[in-house]
Amino acid sequence: MSQSDDGGGSEISVEGRLRASTQRPRTPGAARQQAASQGQGRSAPVQLADIEPPIVVPDFDIGPPSLSSRPPCLLLRLELTTDLPQPPVGGGILPYWLLITSIASIYNVAQNYVTLKQSKEIYSGKEEQMTPLAGRLFGAWTAMAAAIRLLAAYDISNKGLYDLGIVAFGVATFHFVSEWLVFGTVKPNRASIGPLVIGCEF
């Protein structure tokens with residue numbers, strides 16, 4: 001296939017024109033663009049200046065510290081604050097009073113199972129009637145009453161537990177007063193004044 005040229009009438013083939021266009025000198029910008037396009041397939045050498053240092057994130061514990069990491073005194077204070085019974089809506093210290101009397105009863109329960117010295121001092125009017133069996137019965141009864149008071153301390157708004165707490169103190173008061181005034185086994189002294197006062201305080 002050929003065509004005539006206007007300048008000289010010479011015939012130039014299409015293949016010749018294409019070959020001439022590909023051999024035409026290129027500008028520096030085109031050469032750089034072609035080199036860049038050819039370099040996309042190859043990875044350029046990594047320079048040390050191009051490496052970004054890793055970001056080190058400090059291992060800060062932004063949450064609340066665990067209980068195990070706190071000082072023992074602070075830990076004890078936190079446990080006491082969170083474990084104490086809550087007062088009723090109208091206020092008052094009755095839950096704390098119930099808690100104190102319940103904790104104090106633990107000593108009374110233990111001593112009734114170990115020794116009868118203090119129990120015989122309470123029932124000093126007829127201390128021969130305070131046998132080991134009577135002491136253990138008294139200790140079991142005291143433990144049951146302490147459990148009722150402890151439950152009432154942590155749920156003082158519960159009418160059922162509140163009434164049981166009143167009954168527990170009422171039964172204790174009736175027992176000590178009757179043993180003092182009717183049966184004559186209790187005599188007012190340093191050992192018996194505590195149960196009498198605590199029973200009447202409720």
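Q: Over residues 94-116, what percentage of the chain is helix, what percentage is strand, and how far apart are the end C-alpha atoms?
A: This is a predicted model, with residues numbered from 1 along each chain as its sequence is written. Local features need pLDDT of at least 70, side-chain atom pairs count only at pLDDT 80 or more, and totals for chains, interfaces and linings use all residues; side-chain values use heavy atoms, with hydrogens and water left out. Helices (H or I, at least four residues) and strands (E, at least two) are DSSP runs, numbered from the N terminus. Residues 94-116 come out at 91% helix and 0% strand, with 31 Å between the end C-alpha atoms.

Q: Which residues does the UniProt annotation "transmembrane region" cover?
A: The unreviewed UniProt entry gives residues 94-116, 137-154 and 160-183. UniProt positions follow the numbering used here, feature names are shortened, and annotations may be inferred rather than shown by experiment. Check residues 160-183 against the model: the chain there is 92% helix and 0% strand, and its end C-alpha atoms lie 32 Å apart.

Q: How many helices and strands does the chain have?
A: Eight helices and two strands. In sequence order the pattern is β-β-α-α-α-α-α-α-α-α.

Q: What share of the chain's residues count as buried?
A: Start with the scale. Buried means under 20% relative accessible area, exposed means over 50%, and partly exposed falls in between (1.4 Å probe, protein chains only). Here 21% of the 202 residues count as buried.

Q: How many salt bridges does the structure hold?
A: Two. A salt bridge puts a side-chain nitrogen of Lys or Arg within 4 Å of a carboxyl oxygen of Asp or Glu. Take R190 and E121: their closest N and O atoms are 2.7 Å apart. This pair links distant parts of the chain, 69 residues apart, with R190 in the loop between α7 and α8 and E121 in helix α5. R190 is exposed at 72% relative accessibility. E121 is partly exposed at 24%.

Q: How far apart are the closest N and O atoms of D163 and K159?
A: They are 2.9 Å apart, in a salt bridge. D163 and K159 are four residues apart in helix α7, so about one helical turn separates them. D163 is partly exposed, at 30% relative accessible area. K159 is exposed, at 61%.

Q: How many aromatic pairs are there?
A: A pair of aromatic rings is described by the distance of the centres and the angle of the planes. Rings of Phe, Tyr and Trp (its six-membered ring) pair if their centres lie within 6.5 Å; planes under 30 degrees apart are stacked, over 60 edge-to-face, the rest tilted. The count here is three aromatic pairs. One of them joins Y123 and F138: the centres are 6.0 Å apart and the planes stand at 90°, so the pair is edge-to-face. Y123 sits in the loop between α5 and α6 and F138 in helix α6, so the pair ties together parts 15 residues apart in sequence.

Q: Are Y123 and F138 buried or exposed?
A: Y123 is buried at 8% relative accessibility. F138 is buried too, with a relative accessible area of 9%. F138 also pairs with F176: centres 6.2 Å apart and planes at 85°, so this pair is edge-to-face. That pair links distant parts of the chain, F138 in helix α6 and F176 in helix α7, 38 residues apart. F176 is buried at 5% relative accessibility.

Q: Which residues do ring pairs link into a cluster?
A: Y123, F138, W141 and F176.

Q: How much space lies in the largest pocket?
A: About 420 Å³. A pocket is an open set of points on a 1 Å grid over the protein atoms alone, where a 1.4 Å probe fits, with protein on both sides within 12 Å along at least five of seven lines; lining residues have an atom within 4 Å of a point. Its volume is the space filled by probe spheres set on the points, which are joined across faces, edges and corners. The largest pocket has 22 lining residues, and S105, N108, T142, P195 and I198 are the closest to its centre. The elements giving two or more residues to this lining are α4 (94-114), α5 (117-122), α6 (132-154), α7 (159-181) and α8 (193-201).

Q: How do the residues of that largest pocket's lining divide into nonpolar, polar and charged?
A: Ala, Val, Leu, Ile, Met, Phe, Trp, Tyr, Cys and Pro count as nonpolar; Asp, Glu, Lys and Arg as charged; the others, Gly among them, as polar. The lining of the largest pocket has 13 nonpolar, seven polar and two charged residues.

Q: Which residues line the second largest pocket?
A: Y123, K126, Q129, M130, A134, L137, F138, H175, E179 and T185. Helices α6 and α7 are the elements that give two or more residues to this lining. Helix α6 gives the most, three residues. The lining of the second largest pocket has five nonpolar, three polar and two charged residues. The volume of this second largest pocket is about 160 Å³.
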